[in-house]
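Below is what I looked up, in the order I got to it.

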Amino acid sequence: MIGASVATALPVAGVVLLGTVRDDPLLRWSGVPLGLLIGGLAMWLFGRLAYRRLETNGPELLEKLRGGNPNLRAKPGEPTVVLVEPPGANGMRVTIGLCLGAGWIPMASGVISLILIVGGDASRTLWTFATRLPEPLPVPVSILLVGLSVLVYATGVRTLLRLRRLRREPAATPVTAVAA
C-alpha cells in the first residue's frame, strides 16, 4: 500500500514541483484538485474491484473470515499448534510502522532542497531549511537528509525481515493443544 500511495502522489508532486520551479502559483495550487481527482478515481476503481470480487467470491471470503482456511484447520483428534509471538514483537511492529511511515519526511526535505539549490532559489519553509544554511552546507545537508531517509527505510525493512524470521523459527518448546 505504501507503493500505491506513492504512485498516486507522484503526478501531484510533479505538478506542484513544476509550479515551484517555474514560480507559478496557479500551477502549484492545481495540485490540490489533481490530488482530489486522482484520489476519487482510485476510490471509485478499487471500490468497484472490491464490489466485483465480493459479488463473485462472497461466500468463500465469508467462510474464510468466519473460520479461517478450511485446509489449515486441524482434524478432530489431531494436535493443533498454537503460534506464540516472539518476544519484543510489539516493539518491532511499532518500529516498522514508524520507519516505513515517516521515512519520506527527510527524503522530501532533502530532494526539494536540492531542487531549489540547483534552481538558485531559497525558501522560508521548514521543509527546505537546508537552503538557508551558510554556503558550503546546503548541498551536503540535503544529501545527508536523503541518506537519513534511506537509513530509516532500511531500518524498517530490516526489522520487518527480522520479525518474519523470528515468527518462522520453531519455538524451543512448542505449545500444542488437542482439537475438540
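**Salt bridge and its ends**

I started with D23, which is exposed at a relative accessible area of 58% (exposed is over 50%, buried under 20%, partly exposed in between, with a 1.4 Å probe and protein chains only). Ground rules before going on: this is a predicted model, where local features need pLDDT of at least 70 and side-chain atom pairs count only at pLDDT 80 or more, while totals for chains, interfaces and linings use all residues. Residues are numbered from 1 along each chain as its sequence is written, and side-chain values use heavy atoms, with hydrogens and water left out.

Which residue does D23 form a salt bridge with? I found R28, with the closest N and O atoms 3.9 Å apart. The cut-off is a side-chain nitrogen of Lys or Arg within 4 Å of a carboxyl oxygen of Asp or Glu. R28 is partly exposed, at 29% relative accessibility.

**Helix α5**

I checked the span of α5 next: residues 104-119, 16 residues, 22 Å from first C-alpha to last, close to the 22 Å expected at 1.5 Å a residue. That expected span is 1.5 Å times one less than the number of residues. Helices here are DSSP runs of H or I, at least four residues, numbered from the N terminus.

Which residues of α5 are buried? I listed P106, S109, G110, S113 and L116. Down the axis of α5 they fall within an arc of 135°, so they line one face of the helix; the arc is taken from the directions from the helix axis to the C-beta atoms. What covers them includes α1 (2-21), α4 and α6 (138-168), with contact meaning heavy atoms within 4.5 Å. On the face turned away from the buried side I noted the exposed V118 and G119. Just after α5, G120 takes a positive phi of about 80°.

**A102**

I looked up A102 in helix α4 (residues 89-102). A102 is partly exposed, at 32%.

**Surface patch**

Last, I noted a nonpolar surface patch of W44, L45, F46 and L49, with about 460 Å² of accessible area together. Patch members have over 30% relative accessible area and no salt bridge, with nonpolar side chains (Val, Leu, Ile, Met, Phe, Trp, Tyr) joined within 5 Å and like charges within 9 Å. Areas are Shrake-Rupley with a 1.4 Å probe. L45 lies in helix α3 (residues 31-67) and is partly exposed at 40%.

Methods: Helices (H or I, at least four residues) and strands (E, at least two) are DSSP runs, numbered from the N terminus.
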